[in-house]
Amino acid sequence: MTNDNTRSLTDRLDAINEFDREPVTQERLQGRGDFIGLYSGEHVAGTEFVIGPLFVAHGVTGSDLILGLLLGNLLAVLSWAFICAPIAVSTRLNLYWKLRKIVGPKLLFVYNIVNALMFCFLAGAMISVAATAVGIPFGIDMPGLSDLYPNSIGWVLTVLAVGGVVTVLAILGFKQIARFSKVAAPWMFLVFVACGIAVLPQLGITSLGDFWAVADQKIWTGAPLEGRSQFTFWHITFFAWFANMAMHIGMADMTILRYAKNWKYGFFSAFGMYLGHFVAWIASGILVALAIQNSGEIAPGPIAYLGAGIAGLAAVVIAGWTTANPTIYRAGLAMQTITPNWKRWKVTLAVGVMTSITALFPALMMRLLDFVALYGLLLMPMGAVIFADFWLLPKLGLRQDYAEWKQVVFSFPAAGAWGLTLAACWGINVIWGLEIFFLGLPGWFIATAIYVSLSFFQQRNSAPESLNHPSREVA
Amino acid sequence: MKNLLKIGSALGLGLTVIPSVLVFSGTLSWDTHATLMAIGALLWFATAPFWLLKDEPVETD
């Protein structure tokens with residue numbers, strides 16, 4: 001039911017997304033090259049300098065890493081192609097407008113806030129990554145793998161300086177930087193490759209035939225560092241699959257894939273997965289092995305310097321900057337729903353300050369694997385809701401987009417699916433000890449089942465004739 | 001002009017990755033590799049934006 005407050009909230013949300021409420025038209029669809037470039041650029045980021053080393057710290061073996069990444073990335077690509085892309089090209093709507101039809105504006109408001117907070121933390125990690133490179137010329141001590149809090153005044157000042165620059169640039173020229181990041185992507189990928197190759201002789205690998213023998217002894221040794229849990233093939237598989245859970249089964253990439261000419265464009269995510277989440281993670285793992293061998297600092301800046309000198313530092317700064325910038329911008333968009341009377345620059349400034357403060361804590365960077373898993377898990381249930389609403393409800397004789405049809409402002413089936421799924425995942429973690437990296441799989445099925453069940457309950461009193469003619473939107 | 005820019009970009013990417021292979025094969029020092037990578041970066045960013053960017057990028061928001 002609607003009232004004045006609800007209309008006000010709805011207006012505020014809609015105003016922010018006013019240019020995105022219509023389905024994408026045929027003439028605005030994008031070609032293959034755009035998607036290859038977009039996915040390649042988005043998944044060769046500053047955080048790749050952290051994830052590869054963390055796999056080494058968790059004591060994964062070389063064979064588990066390679067096979068786990070091959071399988072996990074394949075599952076991620078299939079999730080984009082078979083779960084996200086078909087709905088994106090059928091509706092041609094972004095996540096915001098599709099979700100609004102299903103869950104109602106008030107629940108969407110809550111989702112937006114959670115999303116914005118996650119974006120802030122993610123951008124904070126990226127600023128931390130960039131700061132590890134900026135601090136090197138000034139001789140600033142970098143946080144170690146086990147550091148959770150700021151370790152020096154120098155670190156605090158460096159992070160605040162980097163955060164300040166990123167925030168100002170996000171305010172002044174988001175679109176230009178988004179374009180710049182597309183230019184940086186191919187170069188950045190080659191920097192990862194070059195770093196990995198150039199340090200091999202220092203690890204004792206002078207021919208391809210030596211690689212696996214030495215890698216087992218010095219890089220992916222199978223022995224975790226102190227304070228780190230042991231990672232197996234399954235950890236790597238599930239982490240690679242769910243590293244972008246919010247994007248594929250969480251459906252956030254509907255926003256991008258709605259521009260695809262057909263659903264098969266979802267397979268172009270393979271360029272991001274196998275360049276960024278395979279080659280770059282392996283390369284950064286090799287770099288950190290050299291840092292451990294030399295008893296040097298284990299942070300993105302120092303390890304990139306080991307591989308490529310000044311160019312490596314530049315890559316870390318650019319990678320952190322170009323990925324933190326749109327993340328802050330998106331968080332600002334989401335946050336603007338809370339502060340509708342603020343100008344966009346004020347919201348972005350507030351988000352930038354919050355992000356810079358979170359970036360002071362190296363825990364975010366050094367525990368990135370856990371954070372990435374949590375981020376995806378928190379947002380995934382809404383993706384399952386969209387999937388169930390689009391494919392399953394019509395087959396069961398239930399109406400799609402029920403909130404829009406009935407003018408419901410807060411869909412209890414969707415809220416129930418979200419909250420109960422997270423509670424169930426927490427329970428599975430506590431009772432059976434299943435680690436966070438694996439929870440997305442049972443969580444998706446739980447969310448789907450709960451949403452379908454509660455939708456039955458919600459719609460049981462609706463007029464049968466209206467339910468028998470669900471309105472699937474096809475562009 | 002556009003072709004010249006593309007050649008410059010290709011050279012920039014070449015200088016980014018080829019020296020590392022030469023370090024691996026033992027024919028180039030690490031220091032020279034690092035210097036060439038820095039030159040490659042400058043070359044890439046000085047040339048690529050002028051031909052790589054299109055007018056209508058995919059919207060992501």
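Predicted model: local features only at pLDDT ≥ 70, side-chain atom pairs only at ≥ 80, totals over all residues.
Local features need pLDDT of at least 70, side-chain atom pairs count only at pLDDT 80 or more, and totals for chains, interfaces and linings use all residues. Residues are numbered from 1 along each chain as its sequence is written, with chains lettered from A and ligands numbered from 1 in the order in which they are written.

**View 1. Chain B on its own reads α-α-α along the sequence.** You'll find 3 helices and 0 strands here (DSSP runs: H or I of at least four residues for helices, E of at least two for strands, numbered from the N terminus). Of its 61 residues, 31% are buried, meaning 20 or more other C-beta atoms, placed from the backbone, lie within 10 Å of a residue's own.

**View 2. Chain B meets chain A.** The contact (C-beta atoms, placed from the backbone, within 7 Å) takes 23 residues from chain B and 27 residues from chain A.

**View 3. Helices H4 (residues 62-91) and H9 (residues 233-242) of chain A pack with their axes 7 Å apart.** Their angle is about 30 degrees (axes are lines fitted to C-alpha atoms over the stretch in contact, and angles run from 0 to 180 degrees between N-to-C directions). So H4(A) is roughly parallel to H9(A), a label for angles under 35 degrees. Among the residues that meet are A:Leu65, A:Gly68 and A:Leu75 in H4(A), and A:Phe233, A:Ile236 and A:Trp241 in H9(A).

Conventions. Contact = placed C-beta atoms within 7 Å. Parallel < 35°, antiparallel > 145°, perpendicular 65-115°, else oblique. Buried ≥ 20, exposed ≤ 12 C-beta atoms within 10 Å, placed from the backbone.
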